[in-house]
Amino acid sequence: MYKRILFPCFFICFGFLLLGSCDSDFNELGADMIGGDNFEVGEPETFSVAAYNPQTGPVETSDLAINALGIYNDPVFGKTTASFALQLRLPDTKPVIDPLYQPEIDSVVVSIPYFATRETLETSGLATYTLDSIYGDPEISKMKLSVYESKFFMQNVDPNSPTGETKKYYSNQKNDFDAVKGQKLNTFPDLAQNDEFFFDKKQVINITTDEEGVETPSYKSPRLRLKLDKNFFKTKIMEAPAGKLSDDSAFQEYFRGLYFTVEEAPGYQSCMAMLNLKGNSTETSNLTIYYTELKDKTLPDGERVKKTIVMSLSGRSVNFLENQPVNPIPESGMIYLKGGQGSMAIIDLFGRDANGNSAELDNLRTKKWLVNDASLTFKVNSGAMSSSVNEPNRIYLYDLTNKRPIADYYSDQTTAVKPKYAKTTFGGIIKKQNGRGYEYKIRLTNYIRALLKNEDSTNVRLGLVVTESIAEINNKKLKTEIPTFGIKYIPTASVLSPLGTVIYGTDAVIPEDDRIKFKIYFTKPKQN
C-alpha cells in the first residue's frame, strides 16, 4: 500500500521540479525568444563601419594547387601575365635505364588538365566540353608559350630559418628564373604547341596499337598537352649519371624542373587559364616519356617492347605574376579589390579604434538585445566596372587579426553543385542585374552575436578579398608587411584569383545609399 501511494507522489513531485526547471530555463532564454507579447522585431539598425584599401605587393605563390598561365587584360586593373616553374617527381618504382637494352625515346609529353565541364557524351566515348576558369575569350586567343629546362633549384627548407621553415617563393621572382633558364623544350613544328598556343577545349584522344595492329582509342578531358624535345630527355634522363634517378632529392637537384612562360602573339588577343597543376585522384598532371627497348638485351636486333616513365608535376612550384597597371586616377572613396599580387580591404566595425576599443559596441552590449540577422553590404561601382568583361564571382570576409574565417563561415553547411557557390548563407556571391554585378552581401550574424554576448570577445579587424575558392581558408605570406596595419599574410584564395572589382567605400564623399552598409536586425523588449 505504501508503494502504491509513494510512486504517484514521487512522480507528482518530479513533475513540479521539472516544470520549475523549465520555467527557469525559459527565463534564462527569454532574451533569445523571437516574438511573443513582450518582444518585437524592429527595422534594421545601421552601425559604424570604416574601410581601408592597402596594396598587398608581391605575395608568396609557392606550391599552389591551382596556378595561372596566360595573359589577362583588364581595362580597370591592367594587364597580368602569369607563368610558373615546377619540379617533377619520379614514379614510386624508380626507373632503371640499362643501355644494353638500347632504349629509344618515341616522344615526351607534358600534360596538365584544364578545369572543364562535360556537356555531351556519346556511347563511343566522344564528348564535348566547355572550359571553366578561363579569363578572356579562348576561341580567339593565342599566345607564344615557351617551356624551358629550369636551372633554378627550389629548396625545401629555408636555410635562414632557425626553425627549419619551408622555403617560400614569391610572385615577383620571375627574373631569378629567367637568369638561369636552360634550353627551350617545346620546339615541335605544330605552332599550336608554341608560337600560336591556345587553350583547346577539345577532348584528347589517344590511339594505341597492339601487336596485331588493332587500334584502341582512349579519351581524356581537355588539357595542356605538349610534345617536348626528346633529344634533351634522351641525354637528361635515359643517359643520367648513376644515382640521379634513385630518389626525388637527388633527381630534383640534378633536373631542376620545367619553366613555363608566355608572351603576346602578334595579331591575336590573349587570355588566362587556371590550371589544375597538382591534379587530383581522377585528373593528374604529369610528364611521360614513351620509349621502346629490347625485350632481350642479348639479341641486338630482336623484338622491342613499349615502355613509359611517368613523372608527376607535384614537386615544388611557384607562380609568377607580372602586373602592368593602367594607372587610372583612383576615384575618391572607392575600394579596389584585386586578386593575385593586388589589393584588399580592411574593415573596422562599431567605430573601432586602432586598439580595438569601441564606445558604440560597449553601449550596445548593455542593451542585451537578441541579434536576428547581421550583414555587410557592398555596392559595386558599376560605372568603373562597366568595361570589365569578368567580375569576381565572390568576395570573402575573414578575421584579419587571427588569419581565419569568422564563425558564420564555419556554421554554414550549405552546399552547391559548383563548389565555388557553397556556403550561400554566409554569402559574398555577386548579385547581378542585366548581366552586370551590382552588389555583394555577407552575413556575420553569429560573429556579431558572440561579440555582443561575450564582453571579453575582441572586436577584431576584418579583411575583405576576392576569392577563387570559398573552400580554401589557408594563407600565404606577403613578401613585405603592410606596415600601417601589420598585415603579413593574405588568404590563399585571393592569391589564386586574377580578377578585381571596385566597390564603394565609407568616406563622406560617397552618397549615403552607396556606402558600405553594416546592418543588424534585433529582437527587443517592447516599449510601453
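**Close-up 1. Lining of the largest pocket in the predicted model**. In this predicted model, 36 residues line the largest pocket, and those that lie nearest its centre are Phe115, Asp132, Ser133, Lys418 and Lys420. Two or more lining residues come from each of the elements β7 (116-121), β8 (127-131) and β9 (134-135). The space in this pocket amounts to about 940 Å³, and its lining, sorted by class, comprises 17 nonpolar, ten polar and nine charged residues.

**Close-up 2. The buried face of helix α3**. Within helix α3, which spans residues 230-238, the buried residues are Phe232, Phe233, Lys236, Ile237 and Met238. Because these buried residues fall within an arc of 165° when seen down the axis of α3, they line one face of the helix. An α-helix has 3.6 residues a turn, so residues three or four places apart point the same way. The buried residues of α3 pack against the strands β6 (104-113), β10 (143-149), β13 (223-228), β16 (286-294) and β17 (304-312), as well as against helix α4 (248-254). At the start of α3, the backbone nitrogen of asparagine 231 has a side-chain oxygen of aspartate 229 within 2.9 Å.

**Close-up 3. Surroundings of serine 343**. Serine 343, in the loop between β19 (334-338) and β20 (345-349), has a relative accessible area of 3% and is therefore buried, the cut-off being under 20%. A polar atom of the serine 343 side chain lies 2.6 Å from the backbone oxygen of tyrosine 336. Leaving aside residues up to four places away in sequence, serine 343 touches Asn53, Pro54, Gln55 and Thr56, together with Tyr336, Leu337 and Lys338.

Conventions: Residues numbered from 1 in each chain as written. Predicted model: local features only at pLDDT ≥ 70, side-chain atom pairs only at ≥ 80, totals over all residues. Heavy atoms only, no water. Buried < 20%, exposed > 50% of the residue type's maximum accessible area, 1.4 Å probe, protein only. Helix = DSSP H or I, 4+ residues; strand = E, 2+ residues; numbered from the N terminus. Arc of directions from axis to C-beta. Contact = heavy atoms within 4.5 Å. Polar contact = N/O pair within 3.5 Å; in protein donor to acceptor, adjacent residues only side chain to side chain. 1 Å grid on protein atoms, 1.4 Å probe; cavity = no way out; pocket = protein on both sides within 12 Å on 5 of 7 lines; lining within 4 Å. Points joined across faces, edges and corners; volume = space filled by probe spheres on them. Nonpolar A, V, L, I, M, F, W, Y, C, P; charged D, E, K, R; others polar.
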